[in-house]
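Colleague: I would like to learn how to read helix packing and nonpolar cores. Can we work through a case together?
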Amino acid sequence: MVPFVLQIFGAVGLISYLSFKNGQKAVNNLAEQLIDRSSDVVNEHLNSYLSVPQKLGQINASAIRQGLLDVRDGEATGKYFWEQMQAYDLTFIGIGLVTGEGFGAIRYDGKTVTIDDWKSQLPDSARTYATNDQGDRLSVVGRYSYNHFTESWYTAPLKAGKPTWAKVYVWNSPYGPYLAASAGRPIYNSQNQLLGVVDADIHLLKLSDFLRSLDISKSGQVFIVERDGNLIANAGTEKPFRNSNNEVQRLQAINSPNSTIQTIAKYIQSFNGFQSINQDTDFQVEVQGERYFVDVRPWQDQYGLDWLVVTGVPENTFMAQINANTRTTIVLCFGALTVASVLGVFTSRWIARPILRLNRASEAMAAGDLEQAVEVSNIQELNTLSRSFNHMAGRLRELFTALEHGKEELEDRVEERTAELKNTLAELQRTQAQVVQSEKMSSLGQLVAGVAHEINNPVNFIHGNLTHVQDYTEDLVEFIQLYQQGYPHPTPEIQTAAEEMDLEFLQADLPKMLASMKLGTERIRQIILSLRNFSRMDEAEFKAVDIHEGIDSTLLILQHRIKARSDRPEVEVVKDYAQLPLVECYAGQLNQVFMNILVNSLDAMDEKHAKCTDQEMKDNPNRIAIRTSMMEAEWVEVAIADNGVGIAQAVQRRIFDPFFTTKALGKGTGMGMSISYQIITEKHNGKLECSSTPGEGTEFRIRIPLYAIDIHKKI
């Protein structure tokens, strides 16, 4: 019994030790998962909460540029901002004009919205008006001096020349101090003249309210800090600023009255400071004798905000239950040791049972159950018999297992060959479709290039001679006028002939007719140039080209689909081209991708038009938006969006599959988007993505490397 008890005791001790170590490991994993999940929640909230001012600024700037909002009408503009304040949880929405005037809606007390109106003449240039439930001004409730030319919300966007965040500021208002950030952007009229800056301020103290609502904040600490160490928000009750002698100042994290925030901030400051953290960083730190798990994660947006989200959770939050479970495990293990020791006493009484077990195993094997094994006994005769029995049972199991394995292996081979045949067939279909499409595009390109070349010669001849014809005509008209001045009294025959041919009208209309003919030939030359650019017959290999030229050529070829028809108005094409260098690509194949996407967009809008009334089309006209931009200095992105019928989620997953189409029979082959996807991903090693909302529209995003050498590196 002594070896038996020692073995059980060793097993119990090992289980207890492993349980403790696994508990510690589980604590670390759980802490990391909880902190990461909390940081993700904070990041998602920041993305959502801080995107509102910028989006609202974009809406207002677009309304002003399109003439929907007349900034010269201060009363209407102020009421417009007042109505927006009812829909958005902001502290201020306003506009500052280059003339020194401005209008805005503001919540001084955090609840009531008033309208502010200021002029350029100081002092007492501003007025605060109380409003009724409709946003109409009632009476002046405040006067003060205000000059937005000195305010950062006005100067920062003008200095940057683009939408940006001004410096976070704290203001001691009559209703109490608050922390806010201003999202401003320059505004222009339809002639691209600067009008001023439109601004939207957001209350940052509400971020602290959100952090306090997190479950992790009940035991840990979450705070947001700028790169210079100033606090933005924290989960504690302390404010991220201090009020001294009625003067409000920003508070550094290392000076926070919250000891946890102060200790974590000082620890970060001691390791190269807040500026050095550029990625998710985890560490552990002692706070008042207790160990904390800390996660520091950068958060940035495209308008200039650069913050750090810091999450700290004490180890005791997780270890309390783990320690209790460990103690319970040890008690249960010792209980199991006691029970096992008692049961071991009775094992000596079971020596006579091997014969019974051998008998039952023989009967089970005879019934077909081969999973039988008899334990070896200390009795020599029974030991030999048990070994022989186990050897026989093992051999039988091996034979049956070998048969079963052979059957499974044969089935696997059949499935593998079937899968190979399916893949080969699919690859053959795809290759066949590619060859057919390539031949079609090659033939079409040769036809377009040939026709353009043949038309170009006579058109150039006509266009070149029109200049000389115009000069000769002007000389003849001038000669006739001189002749009329020298002989003011022509003979009756000449007078009759001049009246019959309407000489005065001919002299006035003939130059106009020649100018019109010259304009027509110039238009034909432009169309021919676009056809030649689109066909790109001389650019079969990689070549640096202007992709804007390819897009414009494709749009010109599709002009018959874009212009107004009797059954629908013209499709609006909005271009937002960035300054791009020449891109090394297969120009002709890239133009084919533009053509496929634009044709699908026009088809989607025609389908939408068939389902909409005239009033609905007037309220939401057909529109295609084309945007180009640089991505990470080495990639170019082309986004083509429409407001057609959109694509269902189930269809989006198959849109790039060969032979898949949602069009009626005879209107689509299902290969356009599949080939476009292969041109972008395989020929250019880029990306082609689709995002769509049914009923609202679809956007295709094309990303390709700027240089051909980048493609070779990727491959």
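Colleague: Which handedness does the crossing of α11 and α13 have?

Modeller: A crossing is left-handed if the near helix is turned anticlockwise from the far one by less than a right angle, and right-handed if clockwise. Here α11 passes α13 in a right-handed crossing. Helices are DSSP runs (H or I, at least four residues), strands likewise (E, at least two), numbered from the N terminus. This is a predicted model: local features need pLDDT of at least 70, side-chain atom pairs pLDDT 80 or more, while totals for chains, interfaces and linings use all residues. Residues are numbered from 1 along each chain as its sequence is written, and side-chain values use heavy atoms, without hydrogens and water.

Colleague: At what angle do α11 and α13 pack?

Modeller: Axes are lines fitted to C-alpha atoms over the stretch in contact, with angles from 0 to 180 degrees between N-to-C directions. Helix α11 (residues 547–557) meets helix α13 (residues 587–611) at about 45°, axes 10 Å apart.

Colleague: Which residues of α11 and α13 meet?

Modeller: Contact means heavy atoms within 4.5 Å. Ile547, Ile551 and Leu555 are among those from α11, and Leu590, Phe594 and Leu598 among those from α13.

Colleague: Which residues touch the most other members of the largest nonpolar core?

Modeller: A core joins buried (under 20% relative accessible area, 1.4 Å probe, protein chains only) Ala, Val, Leu, Ile, Met, Phe, Trp, Tyr and Cys residues through side-chain atoms within 4.5 Å. Of its 57 residues, the top group includes Leu50 and Trp307. Helix α1 (residues 2–65) gives the most, 10 residues.

Technical notes:
Buried < 20%, exposed > 50% of the residue type's maximum accessible area, 1.4 Å probe, protein only.
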